[in-house]
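Please read the report that follows alongside the sequence and the structure shown here.

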Number of protein chains: 2
Amino acid sequence: MELTPSCPDLLGRLRAVGLRPTRQRLALARLLFDAGDRHVTAEHLHGQALASAIRVSLATVYNTLHQFTAAGLLREVVVEPGRSYFDTNIDDHHHFFCESIGTLQDIPGQGVVVSGLPLPPPGTEIRRVEVIVRIGPESR
Amino acid sequence: MELTPSCPDLLGRLRAVGLRPTRQRLALARLLFDAGDRHVTAEHLHGQALASAIRVSLATVYNTLHQFTAAGLLREVVVEPGRSYFDTNIDDHHHFFCESIGTLQDIPGQGVVVSGLPLPPPGTEIRRVEVIVRIGPESR
DNA sequence: GTGATTGCAAATCTTTTGCACTAAA
DNA sequence: TTTAGTGCAAAAGATTTGCAATCAC
């Protein structure tokens with residue numbers, strides 16, 4: 001594939017994290033990062049790739065999502081048993097999650113303060129504090 | 001099975017939530033609730049049942065865990081993709097989760113305050129605020 | 001060319017389901 | 001009895017892996 005000049009930033013971002021900018025990685029990166037903040041599942045992204053006439057196998061989508069996550073380009077969000085979401089927003093932030101629809105929505109991290117946490121167990125340190133606000137349709 | 005008089009509370013608890021106190025439900029309830037706060041996976045609980053010479057199928061363990069959860073006797077905690085933990089502590093509280101070991105640890109809810117949350121999206125209301133503190137071995 | 005990456009299909013792992021059988025009431 | 005609950009094995013999902021073919025460099 002010709003590396004189109006329309007995505008120099010993506011190409012550079014992949015190179016910067018040591019991932020060879022292959023056809024499918026670039027195509028997936030474009031789907032992921034060219035449309036603002038997104039929360040996708042592997043299945044979802046694969047469907048979108050196929051719809052965009054990008055030939056990628058589901059296995060490659062999984063591999064790519066995990067490589068991007070390991071490289072710090074994505075964040076994995078676990079809110080539902082048996083399904084992983086990947087978040088293109090890697091800033092410190094939190095989530096609303098609607099169980100009835102299965103939808104994630106970002107909560108900017110700046111405003112939220114979690115206070116009163118005890119010290120982590122001896123020998124461990126805090127990696128990240130994650131707040132998940134589970135929401136549902138209004139009762140009435 | 002003879003309903004032993006040693007577990008009148010469990011029997012009553014099951015009846016109270018409309019679950020017929022069968023041999024395996026009682027046995028699993030005893031494993032779950034007779035040992036203080038616990039975080040178990042289905043696989044884990046099944047192994048423990050077998051080790052205690054309780055004949056239960058894994059399918060029944062799954063069904064029972066979900067029935068208990070639906071009945072409010074347990075809480076499901078989702079922290080790892082592809083694996084559910086069930087928590088015998090149903091009070092309002094949060095968790096430390098160590099990814100390297102896969103261990104959950106309770107954080108009492110009283111002390112922790114989450115402030116600065118935005119309003120939930122229109123038409124929805126907050127069901128629960130969950131804080132997961134991801135921890136790992138100390139860097140140095 | 002050479003080694004990383006991909007596709008595919010098969011394997012794996014967790015969880016759910018269908019149905020004949022068993023047990024609680 | 002009557003109906004809910006169970007076991008088993010098979011099915012269903014999500015995710016991973018092995019290996020030959022392919023592509024970036």
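## A glutamate in strand S2 of chain B

In this predicted model, B:Glu80 is found in strand S2 of chain B, which spans residues 75-80; helices (H or I, at least four residues) and strands (E, at least two) are DSSP runs, numbered from the N terminus. B:Glu80 is buried, with a relative accessible area of 19%, where buried means under 20% relative accessible area, exposed over 50% and partly exposed in between, with a 1.4 Å probe and protein chains only.

The side chain of B:Glu80 is joined to that of B:Tyr85 by a polar contact of 3.4 Å. A polar contact is a pair of N or O atoms within 3.5 Å; within protein, one must be able to donate a hydrogen and the other to accept it, and residues adjacent in sequence count only if both atoms are side-chain atoms. Leaving aside residues up to four places away in sequence, B:Glu80 touches A:Val78, B:Tyr85, B:Phe97 and B:Gly102, contact meaning heavy atoms within 4.5 Å.

Residues are numbered from 1 along each chain as its sequence is written, while chains are lettered from A and ligands numbered from 1 in the order in which they are written. Because the model is predicted, local features need pLDDT of at least 70 and side-chain atom pairs count only at pLDDT 80 or more, whereas totals for chains, interfaces and linings use all residues, and side-chain values use heavy atoms, with hydrogens and water left out.

## The fold of chain A

Chain A holds four helices and seven strands, and along the sequence these follow the pattern α-α-β-α-α-β-β-β-β-β-β. The C-alpha atoms of chain A fill a box of roughly 55 × 45 × 25 Å along the principal axes, and buried residues make up 44% of its 140 residues. Among the contacts in chain A with a separation of 6 or more, 40% are between residues 24 or more positions apart.

Helix H2 of chain A is largely enclosed by the rest of the structure, because eight of its 11 residues are buried. The buried residues of H2(A) are A:Arg25, A:Leu26, A:Ala27, A:Leu28, A:Ala29, A:Leu31, A:Leu32 and A:Phe33.

## Two copies and their interface

Chain A can be laid on chain B with an RMSD of 0.1 Å by a turn of 180° and a shift of 0.0 Å along the axis, the copies being superposed by least squares on the C-alpha atoms of residues with pLDDT of at least 70 in both. The two copies are therefore related as by a two-fold rotation axis. The same surface serves both copies, since 100% of the contact residues of chain A recur in chain B.

The contact takes 38 residues from chain A and 38 residues from chain B. About 3,300 Å² is buried between the two chains, with carbon and sulfur atoms giving 57% of this area; buried area is the accessible area (1.4 Å probe) that two parts lose on being put together, summed over both. In chain A, the residues that lose the most area to chain B are A:Val78, A:Glu130 and A:Arg134, which together account for 17% of what that side buries.

Sugar and phosphate account for 83% of the atoms of DNA strand C that come within 4 Å of the protein.

## The surface near DNA strand D

DNA strand D is surrounded by 23 residues, and the closest are A:Tyr62, A:His66, B:Thr22, B:Gln24 and B:Thr60. A polar side-chain atom of A:Arg83 lies 3.0 Å from a phosphate oxygen of DNA strand D, and a polar backbone atom of B:Arg55 is 3.0 Å from a phosphate oxygen of DNA strand D. H4(A) gives the most to this surface, with five residues.

Terms used. A residue is near a molecule or strand if one of its heavy atoms lies within 4 Å of it.
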